[in-house]
Amino acid sequence: MTAAEIRASFLDFFRARGHEIVPSAPLVLPTDPTLLFANAGMNPFKEIFLGARTSKYPRVADTQKCIRVSGKHNDLEEVGHDTYHHTFFEMLGNWSFGDYYKREAITWAWELLTGVWGLPKDRLWVTVYRTDDEAARLWTELTDVLPAHVLRFDEKDNFWEMGETGPCGPCSEIHIDISADGLGPEWVNAGSPELIELWNLVFIQYNRRADGRLEELPSKHVDTGMGLERVVAVMQGKRSNYDSDLFMPLIEQVAALSGRAYAGEDAVAMRVIADHLRALSFALADGVTPGNDGRGYVLRRLLRRAVRYGRTLGLEQPFLGALYPTLEKMLGPVFPELGERRATVLRALQAEEESFAATLDRGLALFDEVVADLRAAGQTVFPGAAAFKLYDTFGFPPDLTALMAREQELGWDQDAFDAEMTGQRERARAARRDGAHAQEMDQVAQLVQQGLQSVFTGYDEETTREAEVLGLLDEQGQPCDALATGAAGLVLLERTPFYAESGGQGGCRGTLTGAGAAFAVRDTQRPAAGLILHQGVVTVGTLRRGDRLEAAIDTDRRKATRRHHTATHLLNHALRETVGAEIKQAGSHVSPERLRFDFNHYEALTPAQLEALEVRVNDSILEDTEVRTYEMELKDVPGSGIVAVFDEKYGDVVRVLDVGGYSRELCGGTHVARTGEIGFFRIVSESAVAAGVRRIEAVCGRPAGDLARREHALLRRLAQRFSIAEAELEDRIEQLQAQNRQLERALKEQAARQAATAAGDLVNQRQQVGDVTLIAAFVGEHNLDELRAMMDTVRAAAPDDVIVLGSASEGKACFMAAVGPAAQARGLHAGKLVGAVAKKAGGGGGGKPDRAQAGARDGAAAPAAIAAVPEILAATPLQSL
């Protein structure tokens, strides 16, 4: 069976047993900020397991996209070296939300593996949690597994937890023995590549609190996960996942591009490239862009590793984009986003590959600098901290740094490097546990346990309503029965017109008032579906559970926010229509004052494009088009033309915002009834916020009118200052700019003449330092351009000499060096020489062997640094410079 047939067989099996087949959630899950990427099949269903939201379907099955780059489940350095570690993988799973439990999960797993797929029963081993007598009994009662092949293990192997907090429970794993002669029970969970875990059946019945306590969930659930890559390799009789048809088409193409055979160390490089391309492509298609932190940094790191391995195969030019069509052909039918986002993915891969060349060179320069310092200090071990910086900042694999160190006859401090890596992992783990989310999940669990839910009623113009206080939380997030005057806390109402922050729209403000009590709402949050928490402070009296209150939102803020939210959708549509259909939202925020819209694009928008966007949005406003909303099932969205945002969270049933049939997007926010209510739209700015991500900030309604009035007032003041009409301002500015350019040109010419005169004098200041004829001088206050012109003049008059010039400009030091052919032949390097000079002034720099420049922050230190040039040349062997 092919991988596609195996995936389809799994889904068909569970469809026939009453499961709804749902699409994979995106790799970025806003429901869980502790995760950079979805790393397990259950991630999208976490709120359901907690009881914070319900699923329309009690049984579902899917294949979930996952990325793992660290932690106990994956070691990045093992990818490509062993047979089964991957950064990107598909997790096949079947789920029961309070429906069936252990009996059905065990029966169906065995039936699929042995009855449908025909795996040998005597090669399958089953593990259960050490105290799970029920699971152990069911395996022997319901299946014909060999009783001796049912083993018990402790928490490390058979108690599943997604993270430090959240849903968890005992699990039962199915392992398969793929060795030639068969292995015994001692090999189960021993880490052998010949006896591997195939399928994990998790019986979720607890929630792990932030303080470590386990508490029973309202309902018991089943969560199973089977890595597609692993089961495909088993079904296809391959010893390595990489030898299956999920990887070999990519590996074969890498081999063809490089002209190398798939063998030895080259095979490792090819496997890494194939693996990393999969992770990069899916993350980019889901809207993640390479960057310097968070998930963006994960992508950048993976891409740099892939490119570095490509270099070992002789692939000097960008090559990842050439592999993408093969990946799209393989997986595009299952994941249509690969085709829909093709242009964006290819552009990102190309841009990042091109930029890595400079990064690689800077990393090599750092390596050379560290080696030079070690030589000067008489040390012989390359430090782990420097190796970690090369790894973490420049993407140098540690084995590459170790190899380079050995070539320099230096040792390698593996322990120090490992300590740096451990420190990074601990910091990341601490950041994931850090407070806010753990406390939030505790709040969710506490409220869910009480069966409390809240309903938003503000879609239909409702701004006030009476409602009962269902729950109160104090400032520390702990349940309480009352909040007194001055106390901050959270209020949960049975029904509320307050919109909770989500989808980029800020939470509502307003008041909650009742008999002798008042609560000022400063924000509204929704930690989970059905839980709307009013955050604020009691201003009058005492608020108690069970009180009846009137909830009243700030209507002016709601109206202004609605204008900006609907305008954001019009802008999104206008961008795809005006700039490119591949434009995809990368984030947004709407408030009463303005809107902010981030989108994937690699170039600044031109003034003409920005003007076209404004015109298109304002035309939509003037058309006064009806804004409709309706609901549909999430599974029906793909292929419908309706736009969904990659990092928004959706339930089984979603809300569609439809503006005139041309702008159709999933959105749970509040909006105007007709576009004419927006009034007027103005773009305030367009800028870059990250590599491949642009941001537009805009205003509409009253803020747009205020902006126009300020601009008109500025034009009037400027026109009055020049005593001309407003329409003549542009011509007058152009005249002033032309005059300014003419004056600047004259000043530069004068400075060049003065520099040439001074340069002529410098030639007469030659001095001999050993075998080197040197001209070294501090020339006073000159900027870098003037210093460069002076260097050109001196060099033309003395082409065989070594020349080092320094100047001061705006408080900073500038240095330039030139080395003639004879000195170069004896090993003198201009870049190293000018770097040594700049170092005397607390700066640095470098360049080519014949010419280079450097700088330092302290211009006052430049004369002393130049004076030290003869000493530098005399004291240091030429080949070291």
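In which sense do β19 and strand β20 pair, and over how many bridges? The pairing is antiparallel, over 8 bridges. Strands pair here if DSSP finds at least two bridges between them.

This is a predicted model, in which local features need pLDDT of at least 70, side-chain atom pairs count only at pLDDT 80 or more, and totals for chains, interfaces and linings use all residues. Residues are numbered from 1 along each chain as its sequence is written, and side-chain values use heavy atoms, with hydrogens and water left out.

**Overall**

- The protein has 25 helices and 35 strands. Helices (H or I, at least four residues) and strands (E, at least two) are DSSP runs, numbered from the N terminus.
- The C-alpha trace spans about 100 × 85 × 50 Å along its principal axes.
- Of the 881 residues, 52% count as buried. Buried means under 20% relative accessible area, exposed over 50%, and partly exposed in between (1.4 Å probe, protein chains only).
- Among contacts between residues at least 6 apart in sequence, 69% join residues at least 24 apart. Contact means heavy atoms within 4.5 Å.

- Strand β18 (residues 510-514) and strand β19 (residues 517-528) run antiparallel, joined by 5 bridges. Gly510 has Val521 of β19 as its bridge partner.
- β18 and β19 form a hairpin with 2 residues between them. In its turn, Gly516 has a positive phi of about 75°.
- β19 continues the pattern with β20 (residues 531-540). Here the bridge partner of Phe519 is Val538 in β20.
- The hairpin of β19 and β20 also has 2 residues between the strands. Gly530 takes a positive phi near 85°.

**Thr496**

- Thr496 lies in strand β17 (residues 495-496). Its relative accessible area is 0%, so Thr496 is buried.
- Leaving out residues up to four places away in sequence, Thr496 touches Ser454, Val455, Phe456, Thr457, Gly458, Arg465, Ile532 and His534.

**Helices α17 and α18**

- Helix α17 (residues 555-578) and helix α18 (residues 607-622) have axes that come within 9 Å and cross at roughly 130°. Axes are lines fitted to C-alpha atoms, for helices over the stretch in contact, and angles run from 0 to 180 degrees between N-to-C directions.
- α17 and α18 are therefore oblique to each other. Angles under 35 degrees count as roughly parallel, over 145 as roughly antiparallel, 65 to 115 as roughly perpendicular and the rest as oblique.
- On the α17 side, the contact is made by Leu570, Leu571, His573, Ala574, Leu575, Glu577 and Thr578. On the α18 side, it is made by Gln609, Ala612, Leu613, Arg616, Val617, Ser620 and Ile621.
- By class, this contact of α17 with α18 has 8 nonpolar, 4 polar and 2 charged residues. Ala, Val, Leu, Ile, Met, Phe, Trp, Tyr, Cys and Pro count as nonpolar, Asp, Glu, Lys and Arg as charged, and the others, Gly among them, as polar.

**His601**

- His601 sits in the loop between β24 (595-600) and α18. At 9% relative accessibility, His601 counts as buried.
- His601 touches Val579, Ile583, Gly692, Val693 and Arg694, with residues up to four places away in sequence not counted.

**Sheet β25-β26-β27**

- These 3 strands form an open sheet in the order β25-β26-β27, with antiparallel pairing.
- β25 (627-633) and β27 (663-666) stand at the edges, each with a single partner strand, so one side of each has no neighbour in the sheet.
- Direction ignored, neighbouring strands of this sheet are turned by 25° against each other on average.
- β25 pairs with strand β26 (residues 653-659) over 7 bridges. Met632 has Val654 of β26 as its bridge partner.
- α17 lies across β25, β26 and β27, running at about 115° to β27.

**Six-stranded sheet**

- Another open sheet has 6 strands in the order β30-β31-β32-β33-β35-β34, with mixed pairing.
- β34 and strand β35 (residues 851-856) run antiparallel, joined by 4 bridges. Gly847 has Ala852 of β35 as its bridge partner.
- Helix α21 (residues 784-797) packs on the sheet and touches β31 (772-781), β32 (802-809), β33 (812-819) and β35. The direction of α21 makes about 25° with that of β33.
- Helix α23 (residues 830-840) lies across β32, β33, β34 and β35, running at about 15° to β35.
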